[in-house]
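Please look first at the sequence and the model shown here.

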Amino acid sequence: MAPRAGLTADRITRAAADLADRVGFDNISVSALARQFGVKDASMYSHVANLRELRSRVAILAADEKTRSIADAVAGRSGKDALVAYAGAYRDYALRCPGRYAATQIPLDPEFVTDAPGFVRAVELTYGMLRDYGLTEPALTDAVRLLRSTFHGFATLEAAGGFGHSRPTDESWAAILDALHTALTHWPTADEKANS
């Protein structure tokens with residue numbers, strides 16, 4: 001069967017990302033997309049090799065979207081202003097695009113990441129923001145892991161309705177960002193660790 005006119009890998013990827021936001025990233029399938037486009041499954045495989053490739057494509061698309069959102073938010077900012085803008089854009093994307101956000105958390109084969117500007121730019125943005133705090137390696141990597149764990153954990157719990165306390169989540173979020181700023185500003189140096 002010849003590929004359906006207008007059906008491309010990019011169009012299928014965008015449709016898969018939209019589907020992921022509606023039904024969850026783990027629930028997307030080639031069959032569901034084929035039904036959506038009104039074609040047989042075999043027509044889809046003219047554009048994507050398999051479900052793994054499709055999910056990788058969604059992850060790359062989502063990483064690019066999320067990174068562009070963060071880049072726009074932090075442009076011209078530094079220090080705490082950059083941290084707050086970065087965190088806000090991260091959280092907003094995770095809550096607004098839950099399926100796409102879930103895709104950004106999957107491990108990818110190296111050949112996909114090499115040509116994925118969103119992932120590369122995300123690393124550059126994060127490390128650049130943290131250098132404003134005077135951090136160098138290995139503290140930079142440790143701080144990146146702290147931020148990612150905090151932002152991911154908060155957004156994932158919030159999306160799942162995991163915060164049942166009456167305190168507004170925005171107030172907790174602001175307090176957490178204040179605490180992160182303090183931690184980054186006073187990050188212990190290697191000398192301080194050695195003397196403790």
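This is a predicted model: local features need pLDDT of at least 70, side-chain atom pairs count only at pLDDT 80 or more; totals for chains, interfaces and linings use all residues.

Leu51 is part of helix α4.

**Leu51 and its surroundings**
- Leu51 has a relative accessibility of 30%, and it therefore counts as partly exposed.
- Leaving aside residues up to four places away in sequence, Leu51 touches Ile28, Ser29 and Val30.
- Between Leu51 and Val30 the C-alpha to C-alpha distance is 6.3 Å, although 21 residues separate them in sequence.

**Helix α4 and its ends**
- Helix α4 covers residues 51-74; its 24 residues, at 1.5 Å a residue, should span 34 Å, and the 34 Å between its end C-alpha atoms agrees with this.
- The N-terminal end of α4 is capped by Asn50, which places a side-chain oxygen 3.2 Å from the backbone nitrogen of Arg52.
- After α4 comes Gly76, with a positive phi near 80°.

**Packing of α4 with α5**
- Two packed helices are described by the angle between their axes and the distance between the axes.
- For α4 and helix α5 (residues 79-96), the angle is about 150° and the axes lie 8 Å apart.
- The crossing of α4 with α5 is right-handed.
- On the α4 side, the residues that meet α5 are Ala62, Glu65, Lys66, Ser69, Ile70, Ala73 and Val74; on the α5 side they are Ala82, Ala85, Tyr86, Ala89, Tyr90 and Tyr93.
- Sorted by class, this contact of α4 with α5 comprises 10 nonpolar, 1 polar and 2 charged residues.

Methods:
Residues are numbered from 1 along each chain as its sequence is written. Side-chain values use heavy atoms; hydrogens and water are left out. Helices (H or I, at least four residues) and strands (E, at least two) are DSSP runs, numbered from the N terminus. The expected span of a helix is 1.5 Å times one less than its number of residues. A polar contact is a pair of N or O atoms within 3.5 Å; within protein, one must be able to donate a hydrogen and the other to accept it, and residues adjacent in sequence count only if both atoms are side-chain atoms. Axes are lines fitted to C-alpha atoms, for helices over the stretch in contact, and angles run from 0 to 180 degrees between N-to-C directions. A crossing is left-handed if the near helix is turned anticlockwise from the far one by less than a right angle, and right-handed if clockwise. Contact means heavy atoms within 4.5 Å. Ala, Val, Leu, Ile, Met, Phe, Trp, Tyr, Cys and Pro count as nonpolar, Asp, Glu, Lys and Arg as charged, and the others, Gly among them, as polar. Buried means under 20% relative accessible area, exposed over 50%, partly exposed in between (1.4 Å probe, protein chains only).
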